[in-house]
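Please keep the sequence and the coordinates at hand while reading.

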2 protein chains.
Amino acid sequence: MNSMDLLKQRIYTAQLNHTILHLNRNDFIKQAGSIDTNLYLIKSGTLRVYNIIDSEEQCLYFGHKDSAITAIDSFFSEKRSDYFIQAIKKAEVIVIQKNTFMEFINSEKENLQLWQAILVEIIQHHIERGQDLLTTTSADRYTRLMKRAPYLFQEFPHKYIASYLRMSPETLSRLKKS
Amino acid sequence: MNSMDLLKQRIYTAQLNHTILHLNRNDFIKQAGSIDTNLYLIKSGTLRVYNIIDSEEQCLYFGHKDSAITAIDSFFSEKRSDYFIQAIKKAEVIVIQKNTFMEFINSEKENLQLWQAILVEIIQHHIERGQDLLTTTSADRYTRLMKRAPYLFQEFPHKYIASYLRMSPETLSRLKKS
């Protein structure tokens, strides 16, 4: 079990103050330009985080059942976020405010240790992602992601994975067949 | 003063066990393939961290006087690192082993809080960097970096900054003039 799963169990046991969002397919939790420091725990459904760079949608993160998702640029800085968070499928999401969450983190040493481990996991994710983005050939980017997160290909529409991989859906489709 | 500066002051006051490296221009602290979990505090000189992707050197991080540097892929995972760390100019570097450093971090609540703030700063750096890498036009990448870290252009050879910006030195030179 990873650190986020362990922390989530503790969050559920502690019954932190929260609200619940019921989203239909394509509903937005947020759009670019807003400040959003909430933590979103996904009970069911799938979501994506994306932004628009040079007039193109860029898929940045995927959220699936039992995972957590945030507008990470806003969550830490508490500034305006460039990100969109959108349901890909009908979804149920638990919303916890950052101050509620951070109070909980700071209330017990074990929570703090788990949070520290999660921060390190986020860094490691971004190191991997940075390497992805510097990998020039589409085939190598595809292979890296297949190795790191094969479940994405089962759970998410391939047009979004193609965007995450910085390639056209046609190129992804060709790579899958080869 | 940022969190790393504050933590460094505490490291110096605590006189943690360390060694000192004296590097000449172009000397390597490490090459790709080794495990390296040390923390390097730069007393003087400049260094770069790079790796080789698709046969090309990719500048990943810059280290200058009073900053800290690591093979970050190895520091957290304790696995083999793909990174090279090389002195750009004659440099003096304080080397602190990870276990010494982490014992120090865990020894006091204030250290832990600073370390947590540093982890968040590292995440924020990587979020920015991810946006850089997704920005398709060279001019926009140049403008972003000029805004975020103008000092780099004073301190580092422009061939390395060009590599960091994923453009040729000629393109960078043209953008600087425009």
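The contact takes 22 residues from chain B and 22 residues from chain A, where two residues are in contact if their C-beta atoms, placed from the backbone, lie within 7 Å. On the side of chain B that touches chain A, the elements that give two or more residues are helix H2 (72-77) and H4 of chain B; H4(B) gives the most, with twelve residues. Helices (H or I, at least four residues) and strands (E, at least two) are DSSP runs, numbered from the N terminus.

This is a predicted model, in which local features need pLDDT of at least 70 and side-chain atom pairs count only at pLDDT 80 or more, while totals for chains, interfaces and linings use all residues. Residues are numbered from 1 along each chain as its sequence is written, and chains are lettered from A and ligands numbered from 1 in the order in which they are written.

How are the chains related? Two copies of a chain are related by a rotation about an axis and a shift along it.

Within one copy, chain A holds eight helices and eight strands. Its radius of gyration, taken over C-alpha atoms, is 17 Å, close to the 16 Å from the globule rule for 178 residues, so chain A is as compact as a globular protein of that length; the rule is 2.2 Å times the number of residues to the power 0.38. The C-alpha trace of chain A spans about 50 × 30 × 30 Å along its principal axes. Among contacts in chain A between residues at least 6 apart in sequence, 69% join residues at least 24 apart.

Four strands of chain A form an open sheet in the order S2-S7-S4-S5, with antiparallel pairing; two strands pair if DSSP finds at least two bridges between them. Strand S2 (28-30) and strand S5 (56-63) of chain A each have a single partner strand, so one side of each is left without a neighbour in the sheet. From one strand to the next, the twist averages 30 degrees. Strand S4 (residues 47-53) and strand S7 (residues 84-87) of chain A are joined by four bridges, and Val49(A) has Ile85(A) in S7(A) as its bridge partner.

In chain B, helix H1 (residues 3-14) packs against helix H4 (residues 109-134) at an angle of about 145 degrees, with their axes 9 Å apart. Axes are lines fitted to C-alpha atoms, for helices over the stretch in contact, and angles run from 0 to 180 degrees between N-to-C directions. Residues making this contact include Leu6(B) and Leu7(B) of H1(B), and Leu114(B) and Trp115(B) of H4(B).

One backbone detail remains. Most residues other than glycine have a negative phi. Arg166(A), in the loop between helix H7 (158-164) and helix H8 (169-177) of chain A, has a positive phi near 55 degrees. Arg166(A) is partly exposed, with 18 other C-beta atoms within 10 Å; a residue is buried at 20 or more such atoms, exposed at 12 or fewer, and partly exposed in between, with C-beta atoms placed from the backbone.
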